[in-house]
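Reader: I'd like a close look at the charged pairs in this model, and at what surrounds them. Could you walk me through them?

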Amino acid sequence: MTLQVSNLVGGYSQVPVLKDVTFDVKDGELVGLIGLNGAGKSTTINHIIGLLTPFKGNVKINGVAINDDVKKYKEQIAYIPEQPIVYKELTLKEHLEMTMLAYNLDQQAAWKRADKLLKIFRLDNKLNWFPDNFSKGMRQKVMIVCAFLTNAKLFIIDEPFLGLDPLAVNDLLNLISERKKQGASILMSTHVLDTAQRYCDRFVLLHDGKVRTEGTLAQLQALFPEAGESLNDIYLTLAREGDAS
Amino acid sequence: MKNLFKKRLGAHLTELMKYLRLVFNDYFVLALVFMIGGLGYYYSNALKGLTTGLWWAPLLIIGVLLISVQTGRLATLIEAPDYVFLLPKEAALINYLRRAFWYSTILASLIQVLFWIVLMPFVQRTVAATTAQLFALLATVIFLKIAWLNADFARKYHLSQKWLGNRWLFRLVVPVIILAVCLYGNYFLGAGLAAIVMLGGLAVQHTWQKRSVDWQILIADENSRMHSIYQFFNLFTDVPSLSGAVRRRRYLDWLFHGIKLLPANTYLYLYAHGIVRDNEMSGLYARLTVIGTLLLVFVKGTFLPIVLSLLFIYLIGFQMIPFYFHYDDNAFVHIYPVTTDFQMKNFQRVLLLMMGTVAVIFAITVTIVNLTTPTTIIGVVLCELVELWGFIFMYVPKRIKKSEFVR
């Protein structure tokens, strides 16, 4: 059990956005966090990475909550934010060095892996450029390379597909599968439902700050037989239902 | 982590130096020397008229020292991407922040010493403090400042004892009480109390490393600190990282009606809209105009009103100069099929309009206040005309050419 979110109530100010959210991500599992804009996906993620403190409930990674041991908790996470965020005054190479420094990676092994990743995302000739001047897609690739450089046990990926070219989307999915096989857990929020349907092992459907339902595609199909076959159909039905009630 | 702070500090100081060189240009240094000299002279004269036992003197001392304690913030040099890139290093961040804390402490303490030196003659004169008491007062202020910074430090962690980071308590309540103890009770008792508050804060610092960091406050605080620094520099030069807020100001739309939509007016159109709606620019203009007018209402004399009007018109014009380059980073102006010949002419027209308006307001104010001295009235009008002409048509083109070269 890598990530365990239990009875999480939380948000930005005193008004809770999340109302009693509970779900988990097991070892070697890719879980898709699905929901409309404002459903609470990013808020959930901000709680997991410790940017926000829960009003109630808790988040544990391999049994450790953030207040038990910050170091142990945070060292297990690699995070790719929705909006790529880079240092204005650092080159791509320095961003990679920063990651190696922060995650205490072995330089030689890390550079070997970095070279491979850079080649995959066709950034290998831009090591001395400033990512701040890159396009959104390219900056997103920088964030992906930095995250997959680490040996994190839990990857938190917030809406990774927007702005990425189709080749990069495919490469990212391959990287995710590779890490999954090595036992890492991945929580990914996304709106791109057909991709999610093909790659995620399980889905957590958030609506209005609550977990509307969760399970594998087969489980969801069984739960809502009249909603349709695809994740897209099921989700649309549930979202409309949720708004109507 | 310690090295990271060192690296950041190096980069930060280089950036500051770059701007400070622009701030302390020859004219400004000259003006500053005159101002400090004048104020010093005024201060020493005022001191001669004071005796011990004035009821308001201790209050004034407490007030000035309170201002002193507020100056100098906690410079963490944290950047927005840190919350992603330094995520796994959060437990070690305390080492980084502690470095930042001590760096800020040294800087802030120097500021306290400066305030203290300026205030010292006044304290000696009005409350007849001995040398030992004066030094106790200095120690108190520095201890209070360290406690202030410590509270700012505590604020950046998710602590269970939230009051440790309470700004109101450590910025105002505690300093007021302890300074009052100093001036109305015993200086050494005050210093002792301040030392206890400071040491108490420092003693619990190490327990924070087990707590998680409040990245949102950490980043927001540092951004607001850097913003105020840039705002100050922006008074003297164009700061690229400072993007001011924009307001619609529909009620000023009539200003733009006169602009004919011709290629020759492209820049006039841009500058006019930009200056009116850019909060930084219009705020600066409005503030300086109001302050200048108020000063002119209260100041009498043959020549002083003239000098003041000229000074304020110059200040306003000077702040507007960087706006010339405001649209340089915008791709549109480079794509438009217009030549840049008009840019300077358009800019001068905007300047003439804005500075001319101020000049008229000032002239009217001076005339009303000094109705009995025709020399002043005629002097203001003539000098303002000469200044406007010299500034806009002689100085500005030269200055912009020079800045263009540097860019």
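Let me start with one pair: are B:Asp82 and B:Arg8 buried or exposed?

Author: B:Asp82 is buried, and B:Arg8 is too. Keep in mind that this is a predicted model. The two form a salt bridge, with the closest N and O atoms 2.9 Å apart. That pair links distant parts of the chain, since B:Asp82 sits in helix α4 of chain B and B:Arg8 in helix α1 of chain B, 74 residues apart.

Those two helices turn up again around α9(B). The buried residues of α9(B) pack against α2 of chain A, and also against a set of chain B helices including α1 (2–23) and α4 (82–85). Among the buried residues of α9(B) are B:Trp215, B:Leu218, B:Asp221, B:Glu222 and B:Arg225. As for the geometry of the helix, the 20 residues of α9 (residues 215–234) of chain B should span 28 Å at 1.5 Å a residue, and the end C-alpha atoms are 28 Å apart, so the two agree.

B:Asp221 has a charged story of its own: salt bridges with shared partners join it with B:Asp152, B:Arg155, B:Lys156, B:Arg167 and B:Arg171 into one network. Elsewhere in chain B, B:Arg277 and B:Asp253 meet in a salt bridge at 3.4 Å, N to O. Here B:Arg277 belongs to helix α10 (residues 266–277) of chain B, while B:Asp253 is in the loop between α9 and α10 of chain B, 24 residues apart. B:Asp253 has 18% relative accessibility, so it counts as buried.

A:Arg202 and A:Glu214 form a salt bridge with the closest N and O atoms 3.1 Å apart. Because A:Arg202 lies in strand β9 (residues 202–207) of chain A and A:Glu214 in strand β10 (residues 210–215) of chain A, the pair ties together parts that are twelve residues apart in sequence. A:Arg202 is buried, at 10% relative accessible area, whereas A:Glu214 is partly exposed, at 31%.

Over all chains, the count comes to 20 salt bridges, but across the interface of chain A and chain B there is one. A:Lys74 makes it with B:Glu90, and the closest N and O atoms are 2.4 Å apart. Polar contacts between the two chains come to four residue pairs. On the side of chain A that touches chain B, 18 residues are nonpolar, six polar and five charged. The area buried between the chains is about 2,400 Å², with carbon and sulfur atoms giving 67%. In chain A, A:Leu51, A:Ile85 and A:Tyr87 lose the most area to chain B, together 25% of what that side buries.

Technical notes. Residues are numbered from 1 along each chain as its sequence is written. Chains are lettered from A and ligands numbered from 1 in the order in which they are written. This is a predicted model: local features need pLDDT of at least 70, side-chain atom pairs count only at pLDDT 80 or more; totals for chains, interfaces and linings use all residues. Side-chain values use heavy atoms; hydrogens and water are left out. Buried area is the accessible area (1.4 Å probe) that two parts lose on being put together, summed over both. A salt bridge is a side-chain nitrogen of Lys or Arg within 4 Å of a carboxyl oxygen of Asp or Glu. A polar contact is a pair of N or O atoms within 3.5 Å; within protein, one must be able to donate a hydrogen and the other to accept it, and residues adjacent in sequence count only if both atoms are side-chain atoms. Ala, Val, Leu, Ile, Met, Phe, Trp, Tyr, Cys and Pro count as nonpolar, Asp, Glu, Lys and Arg as charged, and the others, Gly among them, as polar. Helices (H or I, at least four residues) and strands (E, at least two) are DSSP runs, numbered from the N terminus. The expected span of a helix is 1.5 Å times one less than its number of residues. Buried means under 20% relative accessible area, exposed over 50%, partly exposed in between (1.4 Å probe, protein chains only). Contact means heavy atoms within 4.5 Å.
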